[in-house]
Amino acid sequence: MKLNTIIIPSFDKNQKANPNLTLIHGWGAESRVWEQWAKEKFAPFYTVTLIDLPGFGESPALANSDTIEDDWINALLEVLPEKTHLLGWSLGGLLAQQIALRSPERVQSLICLATTPRFTQNDGWQRSVSPKIIGDFIQAISLEVSAVLKKFWRLQLQGSENSRTLMKELVQHMSSRNMPKIKPLNQGLILLKDMDNREQLKTLTMPTLWLLGERDPLIPQDIRLNLVELQPMAQVQIIPGGSHIPFFSQPNETADFILQFLNNNRS
């Protein structure tokens, strides 16, 4: 079965389809979380495709295997427009980087939103999430899915302005959606723990934007120092006041940065 997509058509004044923009969401979320934002901010200028990750939203889960990363990326490639600007948030950003590396001819530009080339720390990579946090989530998810997801949704908004109000709104929204099962949640956590795109980034030739939240509790803005070394030709922007869900905490500013980048690389 194919992954679920939400397609928001868009046409210019001559009724020609506008360029494609594809969005891939993060762990514990689904496309509906940013559908309205994408429709308002991007659909006037781009044909927008939102993809539900395997086992999230309306997408079917994939079987457990020893090739989870390849399985997920192949499933995403199957529903990806033939040529598109590509935006990935958090886990979606890790996967978008790999899509751009494996099928560069299909990616016109790459936007990495509140994400990183490697999500977990190791000896040579400290500006990221500790392995213990990921391990705790893997252990806890087997006991109580709903409570773990609510904890993660709240964590992503910590430090942002009006965080309590935003947390209530996000939890209310996500609690009304399809709750993912343990299998895809664990698969996503494994990808967050193991994926490492650092060594390959310099081979990317398409225009790339790294867009980071100033107050992101998971991806510190200091990672920009690493990104300058790993991908010198990429743009790096900090969203003032931005959380790990900057399209939720700073929707206008986040969209403005993205549109400016897209308009400079529109074709």
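This is a predicted model: local features need pLDDT of at least 70, side-chain atom pairs count only at pLDDT 80 or more; totals for chains, interfaces and linings use all residues.
His-85 lies in strand β4, which spans residues 84–89. The relative accessibility of His-85 is 0%, so this residue counts as buried, the cut-off for that class being under 20%. The side chain of His-85 makes a polar contact of 2.7 Å with the side chain of Ser-109. Leu-23 is 62 residues away from His-85 along the chain, and the C-alpha atoms of these two residues are 8.8 Å apart.

Across the whole structure, eight salt bridges were found. One of them links the side chains of Lys-132 and Asp-136, with an N to O distance of 2.8 Å. Both residues belong to helix α4 (residues 131–141), and because they are four residues apart there, about one helical turn separates them. Lys-132 is exposed, at 58% relative accessibility, whereas Asp-136 is partly exposed, at 38%.

A salt bridge also joins the side chains of Asp-196 and Arg-198, with 2.7 Å between N and O. Here Arg-198 has a relative accessibility of 15% and therefore counts as buried, while Asp-196, with a relative accessible area of 31%, is partly exposed.

In the salt bridge between Asp-222 and Arg-224, the closest N and O atoms are 3.6 Å apart. Asp-222 is partly exposed at 38% relative accessibility, and Arg-224 is partly exposed at 30%.

How values were computed
Residues are numbered from 1 along each chain as its sequence is written. Side-chain values use heavy atoms; hydrogens and water are left out. Helices (H or I, at least four residues) and strands (E, at least two) are DSSP runs, numbered from the N terminus. Buried means under 20% relative accessible area, exposed over 50%, partly exposed in between (1.4 Å probe, protein chains only). A polar contact is a pair of N or O atoms within 3.5 Å; within protein, one must be able to donate a hydrogen and the other to accept it, and residues adjacent in sequence count only if both atoms are side-chain atoms. A salt bridge is a side-chain nitrogen of Lys or Arg within 4 Å of a carboxyl oxygen of Asp or Glu.
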